[in-house]
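Open the model in your viewer and get ready to select pieces by chain and residue number. We will go stop by stop.

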Amino acid sequence: MSAASFIRQAACAAAGLALLLAAWWLGAALVAGNPRTAAFADFAPGPALAALAGMLRRGELWGMAVPSLRRVGGGLAIAVALGVPLGILLGRSPAASAVTHLPFQLLRMISPLSWMPVAVLAFPTWDGAIVFLIAAAAVWPVTFATAAGLRKVDPHWFKVARNLGAGARHLLTTVVLPAVAADILTGIRLALGVAWVVLVPAEFLGVTSGLGYAINDARDTLQYDRLAATVLAIGAIGFALDGLCVALIRRTAWLRTT
Amino acid sequence: MDDCCGPGTGPFGPRPTRRHVLDWMAAGGLAALLAGGPARAQAPDDEVVRIGYLPITDATALLVAHALGFFEDEGLKVEPPTLIRGWAPMVEGFAAGKFNLVHLLKPIPVWMRYNNNVPVKILAWGHTNGSALVVAGQGGVTSFADLGGKQIAVPFWYSMHNIVLQLALRSAGLKPVIKPQGDALAPDEVNLQILQPPEMPPALAAGKIDGYIVAEPFNALGELKAGGRILRFTGDIWKNHPCCVVATQEENTTRRPEWTQKVVNAVVRAEIHASRNKKDVAKLLSADGRNYLPMPAAVIERAIGHYDDPAYAASGANRNRAAWGNGRIDFQPWPYPSATKLIVEAMGKTVVGGDRTFLDRLDPDAVARDLVAYDFVRRALDRFPEWKADPSVNPGDPFDRQEVLSP
């Protein structure tokens, strides 16, 4: 990347952040300006950043982030373990795709939170219920991205591979997986976003740790500076994980779009 | 005392069969998907006390019993109480056997046992009084009669708050309704909606609702942060009304009576302690103490103890304080059957969302006999007579009372 384009990118990012900050500040100023709601204006940038600094200094944030990351990671791992094979099946078998189309579309549209009662009843631990809710949300992007990626693969590749004597295992490891790796990662990238969305309401359930739990605590005590600080932390962690996905996608992509 | 009904029967004859616990939980299609499964409310298999609680002062008895080691004193093993943030997951966790000791708003077990066939038993009252109706500080609402055409939030349809609110509204000549937001209201109509307690103070401050009725400490928070004003304490409308009760699976009362007796002993001791040491208990439960409740001590102290205030007297928020002698919240465990009957009667007149046909078939006397396990708490109270010192007990005739309403 040339220096000029790097500077331009950095300037664009800074401008975007500045816009967001301005909107945040303006929203808080509106709430603060109304005497009735002034007591709830703690979510303004100033108090929120101060609360965030305090949470960082006391090491609180780390303690909140680790359990949530573990739950998101567990949910994503289950989603990948189920979604990738399922996606490969759907991508390779038109019959499987036709049979599952209707039920999967139906299930996909269900907000994972409506699974809450089932999750509570079916899993012995609260953590298990939360991981299930995250997995239930994350499995669909992974499945559909994998299937869509596989459908794009030139059918001749499979013919060539078979003619060269590839068995099912070889076909999977040398053709299918490299071909769809970038698509799987794109699916994971989408799933990651959904997983964070589900995390906060899922941590309503009987656990006493995590970022979602901290948000619920801040709501229960009307400490909106802590609420906003936790939101910032979730945003920053999500951004970092998303960046990781993007880097991995770049590495595995075989269709260069430059 | 609760063996009036044989297996499979209830106060209105044979119970409806195979109604699933979930069909009232989620209004969505998921419930329909699962309806028809067997009703579950299995108790956990071991004898460890597993407590589920919401971050409100209604949980005080269970939390104090845990904090002060009263369960261990009885020789029980106990897990740290599990914080849950809504009545729905609480009931789901109870039905799934994740908890064997919970606090529930008194109408919830009525609904669970008679609408959904969940075998739940009330062991004791968790506290008396302890809620209030909060309105905007600047608004012109000074009495229930001023609430015509207004929007009021309640935490749950099957709550004491909804029942007491509607009782007072009806007596002020107003009609509680459930209409979509934005629909025109007649001058004598009051529109009710469900709102999560943490959303109530900001909704009031923003003018989205005109008032809310809920458990503490959200009234104290509304006063401190949302410019809210207590219009009336519920314990000033219905003298020493029950609010949250302590409940367990029925199986525990039949198959593990010794266990249940020990649990009730611990709860009774906790309530006696809470009744005598409100300020210490507030600190203990708060974020500045053992952090059972996320709020700071100042908020919990106000929620539990702040009742003798000239402003309340002047506005009439606790106009019966001198005559009734109660506090903002009081702690006494005896589940007066007269109050249970009154609740069932009042539930029959209370507007709620969803299917409420089961209420028409309920006989208040039969519910008072069938829903509550009296023997355990009676034995515990005989063992710990100090409970009679609570202001919400009449020591002369502690096990009987007339319900007093002053709406």
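How many helices and how many strands does chain A have? Select chain A and look: 10 helices and 0 strands. Helices (DSSP runs of H or I, at least four residues) and strands (runs of E, at least two) are numbered from the N terminus.

Two notes before moving on. This is a predicted model, where local features need pLDDT of at least 70 and side-chain atom pairs count only at pLDDT 80 or more, while totals for chains, interfaces and linings use all residues. Residues are numbered from 1 along each chain as its sequence is written, with chains lettered from A and ligands numbered from 1 in the order in which they are written.

**Stop 1: chain A as a whole**

Stay on chain A. Its C-alpha trace spans about 75 × 55 × 30 Å along the principal axes. Of its 258 residues, 39% count as buried. Buried means that 20 or more other C-beta atoms lie within 10 Å of the residue's own; 12 or fewer means exposed, and in between is partly exposed, with C-beta atoms placed from the backbone.

Now color residues 1-41 and 44-252 of chain A separately. These are domain 1 and domain 2, with bounds from an automatic or database domain assignment. Their C-alpha centres lie 28 Å apart.

**Stop 2: a kinked helix**

Select helix H4 of chain A, residues 94-108. Find His101(A): a kink of about 50° lies there, shortly before the proline Pro103(A). The bend is the angle between axes fitted to the seven residues ending at a residue and the seven starting there. How many of the 15 residues of H4(A) are buried? The count is 0, and H4(A) is hardly covered.

**Stop 3: the core**

In soluble globular proteins, nonpolar side chains tend to be buried together. Here the largest nonpolar core has 199 residues. Such a core is a set of buried Ala, Val, Leu, Ile, Met, Phe, Trp, Tyr and Cys residues joined through C-beta atoms within 7 Å. Select Leu133(A) and Val267(B), which are among those with the most contacts inside this core. Helix H6 of chain A, residues 126-152, gives the largest share of the core, 18 residues.

Zoom in on Leu133(A). Not counting residues up to four places away in sequence, Leu133(A) touches Pro112(A), Trp115(A), Met116(A), Ala119(A), Val198(A) and Ala202(A). Contact means that the C-beta atoms, placed from the backbone, lie within 7 Å.

**Stop 4: where the chains meet**

Show both chains. 28 residues of chain B are in contact with 20 residues of chain A. On the chain B side, helix H4 (87-95) and helix H8 (218-225) are among the elements giving two or more residues.

**Stop 5: a sheet in chain B**

Select strands E4, E3, E5, E14 and E6 of chain B. They form an open sheet of 5 strands in the order E4-E3-E5-E14-E6, with mixed pairing. The edge strands are E4 and E6 of chain B, each pairing on one side only.

Is strand E6 (residues 120-125) of chain B enclosed or open? 6 of its 6 residues are buried, so E6(B) is largely enclosed by the rest of the structure. E6(B) pairs with E14(B), residues 244-249, in the antiparallel sense over 5 bridges. Pairing requires that DSSP finds at least two bridges between the strands. End on Lys121(B), which stands opposite Thr248(B) in E14(B).

Methods. Two residues are in contact if their C-beta atoms, placed from the backbone, lie within 7 Å.
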